[in-house]
Amino acid sequence: MKVLVVEDEALLRHHLQTRLGESGHIVDAVPNAEEALYQTHEFNHDLAVIDLGLPGISGLDLIRQLRSHGKTFPILILTARGNWQDKVEGLAAGADDYVVKPFQFEELEARLNALLRRSSGFTQATIEAGPLLLDLNRKQATTNGEPLALTAYEYRILEYLMRHQQQVVAKDRLMEQLYSGDEERDPNVIEVLVGRLRRKLEAQCAMKPIETVRGLGYLFTERCR
Amino acid sequence: MSRRWRRLQARVRHQLTGAMSLRLRLMLGAASLAVLFMLALLPALQGAFSLSFEKVIEQRLAADASTLISAAQIEDGQLQMPERLPDEEFDLPDAQLLGFIYDRRGELVWHSRSAADERIDYRPRYEGRTSEFLRTRDAAGVEYFVYDVELQLAGSRANAFSFVTMQPTSEYLSLFGEFRRQLYVWLGSGLLVLLVLLWLGLTWGFRTLKRVSAELDQVEAGQRDRLSDDHPHELLRLTRSLNRLLDSERRQREQYRNSLGDLAHSLKTPLSVLQGVGETLAAQARSREQAQVMQAQIERMSQQIGYQLQRASLGKSGLVRHRVQLRPLLSSLCSTLDKVYRDKHVEVEMQLPEHCLVPMEQGALMELLGNLLENAYRLCLGQIRISARNSEGDLLLGIEDDGPGVPVDQRARIIRRGERLDGQHPGQGIGLAVVKDILDSYGGELSLGESALGGAIFQIRLRAD
């Protein structure tokens, strides 16, 4: 998933970027609201972690602006004070959850995963489509109980398509799942990855759930639960 | 009976000494002044009236005496009076006006027909003085005004007579009584009107004070920030300095809160970094133990910082007694928690009186209820009940859930302040410790019991003043 981190403290920002990256997310980490607005304008994020105590435009104002720009991705706020006034204001402004600093990364990650599940309409930690089962916490796919060997990139593509089942997903969207904002991109890589995914799925359980919609993108046709 | 009497006495004493209202004091003062003034006025008015009235009677009797004098004639050294006098009042037997003539030895030599059957023991003393006005009584005790003029007729000392005219005082007395009655009626109703006007005037005057107190109520209820400048100039000095005080207190609190917020941010963000580093270190086998120690200490520090900062920012304000509408505050807290615990679909039931006001500062009440409500949301199965009611002047707030509840033997320990602050479950102790601290500073009490819903009920008792 593509995650935006807005935190002014460089070390903490770096820490979040590294740990979220290790968990299989693509992370855009920025130090202030202006850059956050630019990032969200340019790319499609699935989630944002926003510190309330930002310099310049405050975290609260950033959340309000994002919501007024029609951004619907879940937002988790980090608050140092941890008082209820901040939490109530933050959630009233449009955030979805809060974590009080300092936090253990595991707690933050659990909250983020819960938000992601909720935003894609899945409240369980797994997504199921026929014989195919995705364990969102362990980032692993199985078919009929047997592990499906996927690379990290393949897994990300599959998870994203399954989360957006029966919707046409543009190639650019998938690209954003693989690269953060400032990385060099190879336009052919998506086709290659999707091709490999299709082959693996067909080989292991004879599934053909991914269709190409010419000129638009890809479609996961199987119904997911 | 005697106890009730004593209580009544105490209340009256209390009213008279300490807590009597300013308006009542002014009313009592002005009323007693008015009564004193009228009591002094009464004899003066009466004296003036009776003086002028007696003067009128004297003049009338003098005129009547002149009639007698002009009618009297000396013939052969004897006093002669005509059969009929020009003033016919002397001639009617039942008339009130009596006429007498005495010689210089004081012997009665003539009396008018009206005085025929009067027995008045009056002896003029002939002293050569011209005239006298006095009172006397007859045998029956009837009082008379007497006008006595001494005169020598025909220029001879032998013909010196006292001409006396009399009139009963009953007419005067009844007139005077009427006057006095009228005077009392007028003064009484005057006093009444004065008091009513005074009351109205004071009410009008005190309306400005009432307005100040109404505005203070609004300040306390958070409906306005400061008192208006729309007050009479005698009060403006007071309201302005009150405003300055309010402003400076608010500024100070804000500043205090902001700097506490900054402090929290500047302490806790580095702690978050350390936490991250600790986690990274913990992943390496050879430094795991040290990293765990480090993380525990970080946890402890951050809890202490959080706790002390919250504590410092949530004291009771001294200047105004804040009052917060409970329902909107609960609604915003619940919508926040509903969002966080969205998957749980918690059903919240509120049993609150309309316009329930809580005598606390907004931020403190929010921390208090936020912590208790989050507990309830976290532990409930799907049902929470929030109730508020007044009991003997106290406000009772209850927050209950249908969760597992707290065993009886653990309740006292949970309620005790800061019990779990350094304990085994980081992050859970602060909430209740803060709740306890806030309640302590507001003189409230917290108790923990078993809810009808099946879980725990946290009950708060707040004194309403």
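How many of the ten residues in strand β6 of chain B are buried? Hold that thought for a second. One thing before we start: what you're looking at is a predicted model.

Okay, the count is seven, so to speak, out of ten: β6, residues 143-152 of chain B, is mostly covered. Let's look at what sits on either side of β6(B). Strand β5, residues 131-137 of chain B, runs antiparallel to β6(B), and seven bridges join the two.

As a reminder, strands in a sheet pair through backbone hydrogen bonds, either parallel or antiparallel.

Zooming out, chain B has nine helices and 14 strands. Of its 465 residues, 24% are buried. Take contacts in chain B between residues at least 6 apart in sequence: 59% of those join residues at least 24 apart.

One helix to pick out is α7 of chain B, residues 362-379. It has 18 residues and reaches 25 Å from first C-alpha to last, close to the expected 26 Å. Its buried residues include B:L365, B:L368, B:L372 and B:Y377.

Now over to chain A. Here we get an open sheet of five parallel strands, in the order β2-β1-β3-β4-β5. The edges are β2 (26-30) and β5 (97-100), each pairing on one side only. From one strand to the next, the twist averages 20°. Inside the sheet, β1 (residues 2-6) and β3 (residues 47-51) of chain A pair over four bridges, in the parallel sense. Look for A:V5, which stands opposite A:V49 in β3(A). Packing on this sheet is helix α2 of chain A, residues 33-42, which touches β1 and β2 and makes about 165° with the direction of β1(A).

Last stop: helix α7 of chain A, residues 171-178. Which of its residues are buried? They're A:R173, A:L174, A:E176 and A:Q177. Seen down the axis of α7(A), the buried residues fall within an arc of 155°, so they line one face of the helix. And what covers them? Among other things, β1, β2, α6 (152-163), β10 (168-170) and α8 (189-205) of chain A.

Key: Residues are numbered from 1 along each chain as its sequence is written. Chains are lettered from A and ligands numbered from 1 in the order in which they are written. This is a predicted model: local features need pLDDT of at least 70, side-chain atom pairs count only at pLDDT 80 or more; totals for chains, interfaces and linings use all residues. Two strands pair if DSSP finds at least two bridges between them. Axes are lines fitted to C-alpha atoms, for helices over the stretch in contact, and angles run from 0 to 180 degrees between N-to-C directions. Two residues are in contact if their C-beta atoms, placed from the backbone, lie within 7 Å. A residue is buried if 20 or more other C-beta atoms lie within 10 Å of its own, exposed if 12 or fewer, and partly exposed in between; C-beta atoms are placed from the backbone. The arc is that of the directions from the helix axis to the C-beta atoms. The expected span of a helix is 1.5 Å times one less than its number of residues.
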